[in-house]
Amino acid sequence: MHAVLPKSLYDRVYFFLFPRYKARLRRQYRDRALRKPNADPEKIATVFKCLEFSLVGSEGMEATYDCTRRVIRENVAGDLVECGVAQGGSALLIALVNAKFGGSRRQLWLFDSYEGLPDPTSEDYKDGKTGTHIRPLPKGSCLGTIGDVSRLLFEQHNIPRNSTHLVKGWFQDTLPVTRDKLGAIALLRLDGDWYESTKVCFENLYDKVSPGGFVILDDYFSCYGCKRATDEFLAARGTPFPIIPDGRGGAFFQKL
Ligand SMILES: C[S@@+](CC[C@H](N)C(=O)[O-])C[C@H]1O[C@@H](n2cnc3c(N)ncnc32)[C@H](O)[C@@H]1O
């Protein structure tokens, strides 16, 4: 459709159809998940609720739920961090799991431009494409404003403001001046799509991840630049940690 329709028409069709398509996928996810033999109704209900506000698929959201549960259950020291928040769906999921099982003891740090994506750079391309997305992602895509995310977290879901930090700006500017305010990190969720966005997160935050903490790479199998930045960084560290696919296009690993 993108190749054949004029942009304005494509955008109108896309923005009309996409929310309906997403709502259908959410219902399908819930109905199928509840029919599974070991269904966890609490997890399914939480993922279902947050999917509405997320660009992440159900498998990625379940992986985020599981990793957050594990760092809480296993008492891994540290804060919960997401770089790449958009409209706040996965951030809400982390916050709800923390509130329910972790007693809100941990700080939640949410880094984003809150102006959408930057442009990709040459490091993001392979054969003229940046990855397996269903549409191109020019500057400003995946927009969620700081007002949208504040309303979602604080007004609609009563997430505590005093332990939640929305840090607005490009990672390249905000992470170097904010990282010293963070303690150890138990969960590091990277969802900035591009090479430079992923690289700067690793450079500034990876060393703060506690042993036993999880690093989630939402775009590892879907954005070429994310995989490249991750593989380069981990290879330079000689890391032996296995990277586990989430079944949709993302992945995660536990830092041991
Ligand atoms: C795919 S979206 C995140 C999806 C979100 N986690 C969810 O649950 O829907 C990518 C986000 O990364 C942000 N982003 C990417 N690169 C960035 C950078 N270098 N600095 C700040 N924000 C960035 C964009 O603004 C966008 O909101």
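## The shell around the ligand

The residues around the ligand split into 10 nonpolar, 10 polar and 3 charged. Here Ala, Val, Leu, Ile, Met, Phe, Trp, Tyr, Cys and Pro count as nonpolar, Asp, Glu, Lys and Arg as charged, and the others, Gly among them, as polar. The shell holds 23 residues, and Ser54, Gly84, Ser90, Gly192 and Ser197 come nearest. A residue is near a molecule if its C-beta atom, placed from the backbone, lies within 6 Å of it.

This is a predicted model, where local features need pLDDT of at least 70 and side-chain atom pairs count only at pLDDT 80 or more, while totals for chains, interfaces and linings use all residues. Residue numbers start from 1 along each chain as its sequence is written.

## Two packed helices

Two packed helices are described by the angle between their axes and the distance between the axes. Helix α1 covers residues 7-35, and helix α2 covers residues 41-51. They pack at an angle of about 175°, with their axes 10 Å apart. The two helices are therefore roughly antiparallel to each other. The contact uses Arg26, Tyr29, Arg30, Ala33 and Leu34 of α1, and Pro41, Ile44, Phe48 and Leu51 of α2. By class, this contact has 7 nonpolar, no polar and 2 charged residues.

Some terms need cut-offs. Helices (H or I, at least four residues) and strands (E, at least two) are DSSP runs, numbered from the N terminus. Axes are lines fitted to C-alpha atoms, for helices over the stretch in contact, and angles run from 0 to 180 degrees between N-to-C directions. Angles under 35 degrees count as roughly parallel, over 145 as roughly antiparallel, 65 to 115 as roughly perpendicular and the rest as oblique. Two residues are in contact if their C-beta atoms, placed from the backbone, lie within 7 Å.

## Ile44 in α2

Ile44 lies in helix α2. It is buried, with 20 other C-beta atoms within 10 Å. The cut-offs are 20 or more such atoms for buried, 12 or fewer for exposed, and partly exposed in between, with C-beta atoms placed from the backbone.

Not counting residues up to four places away in sequence, Ile44 touches Arg30, Ala33, Leu34 and Ala39. Tyr65 is 21 residues from Ile44 along the chain, and their C-alpha atoms are separated by 9.6 Å.

## The nonpolar core

The largest nonpolar core has 58 residues. Such a core is a set of buried Ala, Val, Leu, Ile, Met, Phe, Trp, Tyr and Cys residues joined through C-beta atoms within 7 Å. Leu92, Leu93 and Leu187 have the most contacts inside the core. Helix α4 (residues 89-102) gives the most to this core, with 7 residues. Leaving out residues up to four places away in sequence, Leu92 touches Cys50, Phe53, Leu152, Leu153 and His157.

## Residues in loops

Asp127 sits in the loop between β2 (108-112) and α5 (146-155). Its phi is near 50°, a positive value in a residue other than glycine. Asp127 counts as exposed, with 5 C-beta neighbours inside 10 Å. Cys142 is also in the loop between β2 and α5. Phi of Cys142 is near 60°, again positive in a residue other than glycine. Cys142 is partly exposed, with 17 other C-beta atoms within 10 Å.

Asp218 is in the loop between β5 (209-217) and α8 (224-237). Asp218 counts as buried, with 32 C-beta neighbours inside 10 Å. Beyond four places in sequence, its contacts are Val56, Gly60, Arg189, Leu190, Asp191 and Gly250.
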